[in-house]
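Please take me through this model in the viewer, one selection at a time, and tell me what each selection shows.

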Amino acid sequence: MNQIHHITHPLVQHKLTLMRKKDASTNTFRTLLNELSTLMAYEVTRDMPLHAVQIETPLEAMTSPMIDGKKLVFVPILRAGLGILDGMLNVVPGARVGHIGLYRDPATLQAVQYYFKMPSDMQERDVIVLDPMLATGNSAVAALDRIKALKPRSVKFVCLLTCPEGIAKVHKAHPDVPIYTAAIDRELNDHGYILPGLGDAGDRIFGTT
Ligand code: URA
């Protein structure tokens with residue numbers, strides 16, 4: 001069953017509130033997103049497998065746990081997912097990065113793919129898909145369909161904001177994929193925007209309108 005991990009840490013909630021404000025500048029929005037993503041990375045990597053390695057402290061030899069960062073693949077959904085990537089890489093700098101390019105057809109709100117590039121050996125890797133807004137769920141489901149066809153070891157989905165409609169859509173198509181989010185907002189409007197939301201995440205990250 002698909003689990004929702006609602007990250008309620010006070011720092012995450014505080015930064016999200018600042019990001020939602022309509023007068024937050026592009027620079028402020030991007031900086032907060034970067035900080036917030038790093039905080040969320042702690043939650044989403046909590047169950048990463050550890051293996052024991054032999055090291056020497058200044059005093060003696062010991063066996064100590066380490067992660068294998070290369071087994072992890074972050075997959076931002078272009079373009080807004082890029083806003084979460086650096087924050088995640090701050091915590092796992094050795095991770096691989098795949099990219100999937102999807103845009104929302106404004107008339108149908110369906111996801112249209114224009115780019116797909118993943119690391120090799122996906123069967124041995126754990127994938128974390130990144131998109132700030134899980135709204136209609138169409139892009140998320142399309143991305144998860146394509147990524148799961150490569151049979152990765154595990155898949156998680158990270159967003160900043162979601163809503164009941166987006167959760168239901170992903171849950172129906174991919175009940176095994178856990179969703180990590182900082183907020184579950186009220187609803188979608190007729191244009192597929194989350195309410196109260198924070199507007200268009202891509203535009204706010206990149207300063208476009
Ligand atoms: N994408 C966004 O950027 N914002 C929304 O509210 C929904 C989808």
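**A tour by selection**

Begin with α4 and α5, where α4 passes α5 in a right-handed crossing (right-handed if the near helix is turned clockwise from the far one by less than a right angle, left-handed if anticlockwise). The model is predicted, so local features need pLDDT of at least 70 and side-chain atom pairs count only at pLDDT 80 or more, while totals for chains, interfaces and linings use all residues. Residues are numbered from 1 along each chain as its sequence is written, and side-chain values use heavy atoms, with hydrogens and water left out. Helices (H or I, at least four residues) and strands (E, at least two) are DSSP runs, numbered from the N terminus.

With residues 138-148 (α4) and 164-173 (α5) selected, the two axes come within 9 Å and cross at roughly 25 degrees; the axes are lines fitted to C-alpha atoms, for helices over the stretch in contact, and angles run from 0 to 180 degrees between N-to-C directions. That angle makes α4 roughly parallel to α5, since angles under 35 degrees count as roughly parallel, over 145 as roughly antiparallel, 65 to 115 as roughly perpendicular and the rest as oblique. Show the side chains next: Asn138, Ala140, Val141 and Leu144 of α4 meet Lys169, Val170 and Ala173 of α5, where contact means heavy atoms within 4.5 Å. By class, this contact has five nonpolar, one polar and one charged residues (Ala, Val, Leu, Ile, Met, Phe, Trp, Tyr, Cys and Pro count as nonpolar, Asp, Glu, Lys and Arg as charged, and the others, Gly among them, as polar).

Stay on Lys169, which is found in α5. Leaving aside neighbours within four places in sequence, Lys169 is in contact with Thr136, Gly137, Asn138 and Val141.

Now select α1 (10-20) and α2 (26-44). Their axes come within 10 Å and cross at roughly 160 degrees, which makes α1 roughly antiparallel to α2, and α1 passes α2 in a left-handed crossing. On the α1 side, Leu11, Val12, Lys15, Leu16, Leu18 and Met19 meet Phe29, Leu32, Leu33, Glu35, Leu36 and Leu39 of α2. These residues divide into ten nonpolar, no polar and two charged.

From there, move to the largest nonpolar core, which has 36 residues, with Phe74 and Met88 having the most contacts inside it; such a core is a set of buried Ala, Val, Leu, Ile, Met, Phe, Trp, Tyr and Cys residues joined through side-chain atoms within 4.5 Å. Elements giving two or more residues to this core include β4 (72-78), α3 (82-91) and β8 (126-130), and α2 gives the most, with seven residues. Centre on Phe74, which, not counting residues up to four places away in sequence, touches residues including Leu85, Met88, Leu89, Ile128 and Leu130.

Colour α3 next: its buried residues are Gly83, Ile84, Leu85, Gly87 and Met88, and what covers them includes α2, β4, β5, β8, β10 and α6.

Finish at Tyr180, found in strand β12 (residues 179-181) and buried, with a relative accessible area of 6%. Beyond four places in sequence, Tyr180 is in contact with residues including His5, Ile7, Met40, Phe157 and Cys159.

Conventions:
Buried means under 20% relative accessible area, exposed over 50%, partly exposed in between (1.4 Å probe, protein chains only).
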